[in-house]
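Keep the viewer open as you read.

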Amino acid sequence: LVEKHGIPQLSTGDMLRAAVSAGTDVGKRAKAVMDAGELVSDEIVNAIVAERIDQADCAAGFILDGYPRTLAQADAVSAMLEERGLKLDATIELVVDDAALVGRIVKRAEDAIAAGQTPRKDDNPEVFEERLREYYKKTAALIGYYHAKDLLRRVDGMMTIDQVTAEIEAILASIK
């Protein structure tokens, strides 16, 4: 999607690491929080997103990946976009089976070990199951939020990558 449409994928994790590495004001604030072992606040995440979407490569559009994650972030991104005369075209929910996701995490960790690599810290079923609980507590509410705004589109995330891509392409084509 990034290559075909020539727009960047904006992942908050990647943006946080880039802001910290670049030593921006927001990056310095994020680093202090992360170094203390705390979660980065919505205020900092929202500021990093705002800073990023103002960059030239976002002028033709962008994909928000894993953001917003809370209703407060959803309200913040709406306000942020409105200030810039922008709006979301669609929100795409990848519908997946929780047990299959846990299986994928286990396989990814096994594959890393088999390749002589250290698995990622979050490639742990217990850690991932906690993340799923957090998703249901905080993020799942966004489904209704974006459905009410007629922005929610659903894609079966259990299909192959090519099938998921084709479904997303069809959604994008329908909103242009």
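## A polar residue inside

Asn-46 sits in helix 4. This is a predicted model, and in it Asn-46 has a relative accessible area of 13%; the cut-off for buried is under 20%, so Asn-46 counts as buried. What does the side chain of Asn-46 make a polar contact with? The partner is the side chain of Tyr-67, at 2.6 Å.

If you set aside neighbours within four places in sequence, Asn-46 is in contact with Tyr-67, Gln-73, Ala-76 and Met-80. Tyr-67 also turns up beside Thr-12, which touches Val-45, Val-49, Asp-65, Gly-66 and Tyr-67, again leaving out residues up to four places away in sequence. Thr-12 belongs to helix 2, residues 12-22, and is buried as well, with a relative accessible area of 11%.

## The nonpolar cores

Which residues have the most contacts inside the largest nonpolar core? They are Ile-44, Ile-48, Val-49 and Tyr-146, in a core of 27 residues. Two or more residues each come from helix 2, helix 3 (25-35), helix 4 (42-53), helix 5 and helix 8. Helix 4 gives the largest share, six residues.

Ile-48 shows what such packing looks like up close: beyond residues up to four places away in sequence, Ile-48 touches Met-15, Leu-16, Ala-19, Val-26 and Ala-30. There is also a second, separate core of five residues, among them Leu-101, Val-102, Ile-105 and Phe-128.

Helix 8 spans residues 141-148, and Leu-142, Tyr-145 and Tyr-146 are buried in it. Seen down the axis of helix 8, the buried residues fall within an arc of 85°, so they line one face of the helix.

What covers the buried residues of helix 8? The cover includes helix 5 (71-83), strand 3 (91-95), helix 7 (125-139) and strand 4 (152-156). After helix 8 comes Asp-150, with a positive phi near 55°.

The protein averages a pLDDT of 90, and 99% of the residues score at least 70. Confidence is highest in strand 4, at 97, and lowest in helix 3, at a mean of 84.

Conventions. Residues are numbered from 1 along each chain as its sequence is written. This is a predicted model: local features need pLDDT of at least 70, side-chain atom pairs count only at pLDDT 80 or more; totals for chains, interfaces and linings use all residues. Side-chain values use heavy atoms; hydrogens and water are left out. Helices (H or I, at least four residues) and strands (E, at least two) are DSSP runs, numbered from the N terminus. Buried means under 20% relative accessible area, exposed over 50%, partly exposed in between (1.4 Å probe, protein chains only). Contact means heavy atoms within 4.5 Å. The arc is that of the directions from the helix axis to the C-beta atoms. A nonpolar core is a set of buried Ala, Val, Leu, Ile, Met, Phe, Trp, Tyr and Cys residues joined through side-chain atoms within 4.5 Å. pLDDT is the predictor's confidence in each residue, from 0 to 100. A polar contact is a pair of N or O atoms within 3.5 Å; within protein, one must be able to donate a hydrogen and the other to accept it, and residues adjacent in sequence count only if both atoms are side-chain atoms.
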